[in-house]
Amino acid sequence: MSEMIIEAEGLIKIFPGARQGLMGRGPDFTAVNNVSFGLRRGELLGLLGESGCGKSTLARMLMHLISPTSGRILLEGKEVQGLSEAAFRENRRRIQMVYQNPFDCLDPAMRVQSLLEEPLKIWHPNLDSGSRKDKVLGILEECGLPGNCLSKYPGEFSGGQLQRISIARALIVDPEILIADEIISALDVSIQNQILNLILKMKERHALSILFITHDLSVARKVSDRVMVMQAGQIKGIGTPQEVFSDEADPYIRQLSSAIFTFSGKG
Ligand SMILES: Nc1ncnc2c1ncn2[C@@H]1O[C@H](COP(=O)(O)OP(=O)(O)OP(=O)(O)O)[C@@H](O)[C@H]1O
Ligand SMILES: [Mg+2]
């Protein structure tokens with residue numbers, strides 16, 4: 001069995017320049033520029049980088065939501081492009097994503113019960129309704145949500161509770177890989193730790209491999225088995241937090257960490 005559950009090889013994503021009326025198109029923009037890395041089975045890999053460096057674009061390619069301009073994505077050593085439709089579909093189930101703003105991801109007109117049953121109907125269509133209910137109740141409990149929330153609508157919850165619902169919705173289909181894209185950035189600091197703890201608990205319980213995207217260096221240091229730093233579409237370093245933030249690190253990483261530590265030192 002390969003050590004890497006998912007790998008990127010030379011991934012490039014170029015967005016064509018926007019139309020500018022009669023002037024034709026603006027210049028193309030390379031959002032992800034020759035990125036290669038592997039997510040190890042069972043690890044939490046922090047993806048750290050400033051706004052606009054290409055983190056979400058990379059995540060969307062790994063999720064098969066957008067296709068790379070060039071490069072390959074391998075799942076357990078097998079190339080995803082060119083798979084049969086059934087195999088491709090199964091791969092889609094195995095990678096789930098949670099986003100920054102749960103308000104944007106949860107249909108406000110659906111009750112929590114339907115929000116949780118919907119992904120099961122899509123990804124595990126053969127489950128009978130009894131087994132579906134059991135899975136819904138199981139994941140609710142694991143995510144720290146009370147049973148009486150099933151009849152409520154998203155608008156009746158706080159941001160932290162909504163993020164728990166989003167996590168439940170991602171994990172209910174039994175993925176092996178979770179991509180968490182800035183999932184605590186929109187939450188109060190007091191709630192951020194609760195959600196981080198939930199992610200770490202679920203990582204162990206469900207043997208998840210996690211790509212944890214954040215622009216917060218202290219969060220990345222705290223939760224990551226390994227950290228990968230991205231700048232302007234490229235990987236600047238990857239390794240354990242000690243390795244990545246060592247004195248021998250790339251100048252950009254040293255600048256990033258010294259800026260944060262100077263800032264937090266004053267606070
Ligand atoms: N569909 C698109 N068309 C054109 N440019 C895009 C598109 N999607 C993203 N970009 C550009 O690609 C760059 C990388 O965007 P991306 O969303 O991946 O950054 P990010 O690292 O996730 O930033 P943030 O921390 O703010 O979420 C940005 O400059 C963005 O404007
Ligand atoms: Mg982003």
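## Helices, sheets and a ligand shell

In this model, which is a predicted one, V112, L115, L116 and P119 in helix α4 meet I165, A168 and R169 in helix α6. Sorted by class, the residues of this contact of α4 with α6 comprise six nonpolar, no polar and one charged. The two helices, of which α6 covers residues 159-171, pack with their axes 8 Å apart and at an angle of about 30 degrees. Since angles under 35 degrees count as roughly parallel, that angle makes α4 roughly parallel to α6. The crossing in which α4 passes α6 is right-handed.

Helix α4, which spans residues 112-123, also meets helix α5, residues 129-142, and here the axes come within 10 Å and cross at roughly 120 degrees. These two helices are therefore oblique to each other, and α4 passes α5 in a right-handed crossing. On the α4 side the contact is made by Q113, L116, E117 and L120, and on the α5 side by R132, K135, V136 and I139. The residues of this contact divide into four nonpolar, one polar and three charged. L116 is named in the contact of α4 with α6 and again in the contact of α4 with α5.

By class, the contact of α6 with α7 has six nonpolar, four polar and one charged residues.

Helix α6 also leads the reader to a sheet, for it lies across β6 and β7 (177-181) and runs at about 170 degrees to β6. These strands belong to an open sheet of six, with mixed pairing and the order β6-β7-β8-β3-β9-β10. The edge strands are β6, at residues 95-98, and β10, at residues 234-239, each of which pairs on one side only. With direction ignored, neighbouring strands of this sheet are turned by 20 degrees against each other on average.

At the β10 end of this order, strand β9, residues 226-231, runs antiparallel to β10 and is joined to it by five bridges. One of the positions can be named: the bridge partner of V229 is G237 in β10. The two strands form a hairpin with two residues between them, and in the turn A232 has a positive phi of about 45 degrees.

A further open sheet consists of four strands in the order β2-β1-β4-β5, with antiparallel pairing. At its edges stand β2 (29-40) and β5 (78-79), each with a single partner strand, so one side of each is left without a neighbour in the sheet. Strand β4, residues 70-75, is the neighbour of β5 and is joined to it by two bridges, the two strands running antiparallel. Within this pairing, L75 has K78 in β5 as its bridge partner. Helix α1, residues 55-62, packs on the sheet, where it touches β1 (4-15), β2 and β4, and its direction makes about 120 degrees with that of β1.

Helix α1 and strand β2 come up again at ligand 1. The residues around ligand 1 are F15, F29, A31, G49, S51, G52, C53, G54, K55, S56, T57 and H215. The elements that give two or more residues to this shell are β2 and α1, and the largest share, three residues, comes from α1. By class, the shell around ligand 1 has four nonpolar, seven polar and one charged residues.

How values were computed
Residues are numbered from 1 along each chain as its sequence is written. Chains are lettered from A and ligands numbered from 1 in the order in which they are written. This is a predicted model: local features need pLDDT of at least 70, side-chain atom pairs count only at pLDDT 80 or more; totals for chains, interfaces and linings use all residues. Axes are lines fitted to C-alpha atoms, for helices over the stretch in contact, and angles run from 0 to 180 degrees between N-to-C directions. Angles under 35 degrees count as roughly parallel, over 145 as roughly antiparallel, 65 to 115 as roughly perpendicular and the rest as oblique. A crossing is left-handed if the near helix is turned anticlockwise from the far one by less than a right angle, and right-handed if clockwise. Two residues are in contact if their C-beta atoms, placed from the backbone, lie within 7 Å. Ala, Val, Leu, Ile, Met, Phe, Trp, Tyr, Cys and Pro count as nonpolar, Asp, Glu, Lys and Arg as charged, and the others, Gly among them, as polar. Two strands pair if DSSP finds at least two bridges between them. A residue is near a molecule or strand if its C-beta atom, placed from the backbone, lies within 6 Å of it.
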